[in-house]
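Student: I would like to go through this model with some questions on its packing and backbone.

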Amino acid sequence: MIHTDDTGLATGTASIDTGTGALPIYHAAPAQGGPHPVVLVVQEIFGVHEHIRDVCRRLAKLGYLAIAPELYFRHGDPGKYDNIPTLLKDIVSKVPDEQVMSDLDMTVAWAAGHGGNTTRLGITGFCWGGRVVWLYAAHNPKLKAGVAWYGRIRGDASALNPRHPIDIAGELKAPVLGLYGAQDQGIPAADAEAMREALKAAGKPGEIVIYPDAGHAFHADYRPSYREGPAQDGWLRLQAWFKANGV
């Protein structure tokens, strides 16, 4: 597991009053200077664990105020689960997309008051959070760019999850870089290809990269799914994408 130290950084936790509870966040930024461009970091299904916090520190080393909000906080603690189907049933399936969008908006507002330059706003997310990146890019007109790591593209519509990325390709307000693995058992490469075509048909800027030898969660260096080559390439692409799009 990769560990990024906090030398030269200001890191910590805080909470944001959402009106329906206190949203816990982890944040990391350069200790000096500012205001810093802001990157929202959206968790995997497993919540804001050490890997997600480490991603925040990696971004802080690049000059960003990176913030990871705990978007399940009203529904339970994902860290207490070691069974993915039960976690999905007990917590993940109960989180409304609309609530997630609102919590992210409030996180941006918090950043504006805590050393963040929100005119340079980006978002990245992994797995569950990768899907959220696509949705947020259609939600927030002030977003400059997003990077979605193996986020689900299709799904059944429900009251809590009424639309999915493929449904909102024409509504994106910021360009999204989608990073996918051809060996992903849950997100077929054909879905990623379909998203590429949907972006093209809608005339929306975006890019889809499919790594032939990677499966799901290839960036998760704490899991056997980790693939160093695609993970490092994706990280370089993330940096270039944010810079090219004003984050």
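The questions below go from aromatic pairs to the core, the helices and the backbone.

Tutor: This is a predicted model, in which local features need pLDDT of at least 70, side-chain atom pairs count only at pLDDT 80 or more, and totals for chains, interfaces and linings use all residues. Residues are numbered from 1 along each chain as its sequence is written, and side-chain values use heavy atoms, with hydrogens and water left out.

Student: How many aromatic pairs are there?

Tutor: A pair of aromatic rings is described by the distance of the centres and the angle of the planes. Rings of Phe, Tyr and Trp (its six-membered ring) pair if their centres lie within 6.5 Å; planes under 30 degrees apart count as stacked, over 60 as edge-to-face and the rest as tilted. By this rule the count is 6.

Student: Of what kind is the pair of Phe126 and Trp149?

Tutor: The ring centres of Phe126 and Trp149 are 5.4 Å apart and the planes meet at 25°, so the pair is stacked. Helices (H or I, at least four residues) and strands (E, at least two) are DSSP runs, numbered from the N terminus. Phe126 belongs to strand β5 (residues 116-126) and Trp149 to strand β6 (residues 145-149), so the pair ties together parts 23 residues apart in sequence. The kind asked for is stacked.

Student: Is Trp149 buried or exposed?

Tutor: Buried means under 20% relative accessible area, exposed over 50%, and partly exposed in between (1.4 Å probe, protein chains only). Trp149 has 0% relative accessibility, so Trp149 counts as buried.

Student: Of what kind is the pair of Trp149 and Phe218?

Tutor: The ring centres of Trp149 and Phe218 lie 6.0 Å apart with the planes at 55°, so the pair is tilted. Trp149 is in strand β6 and Phe218 in the loop between β8 (206-211) and α6 (228-244), so this pair ties together parts 69 residues apart in sequence. Ring pairs also link Phe126, Trp149, Tyr150, Tyr211 and Phe218 into a cluster. The kind asked for is tilted.

Student: How are α3 and α4 placed relative to each other?

Tutor: Axes are lines fitted to C-alpha atoms, for helices over the stretch in contact, and angles run from 0 to 180 degrees between N-to-C directions. The axes of α3 and α4 come within 10 Å and cross at roughly 75°. Angles under 35 degrees count as roughly parallel, over 145 as roughly antiparallel, 65 to 115 as roughly perpendicular and the rest as oblique. The two helices, α3 and α4, are therefore roughly perpendicular.

Student: What span is expected for α3?

Tutor: The expected span of a helix is 1.5 Å times one less than its number of residues. Helix α3 (residues 97-112) has 16 residues and reaches 23 Å from its first C-alpha to its last, close to the expected 22 Å.

Student: How many residues of α1 are buried?

Tutor: Among the buried residues of α1 are His51, Asp54, Arg57 and Arg58. Contact means heavy atoms within 4.5 Å, and the buried residues of α1 pack against β1, β2, β3, β4, β5 and α6. Helix α1 is largely enclosed by the rest of the structure, because the buried residues among its 12 number 9.

Student: How far apart in space are Gly181 and Ala214?

Tutor: Gly181 is in strand β7 (residues 176-181). Leaving aside neighbours within four places in sequence, Gly181 is in contact with residues including Tyr211, Ala214 and Phe218. Gly181 and Ala214 are 33 residues apart in sequence, while their C-alpha to C-alpha distance is 4.5 Å.

Student: Which residue does a cis peptide bond join to Gly34?

Tutor: The omega of this bond is about 0°.
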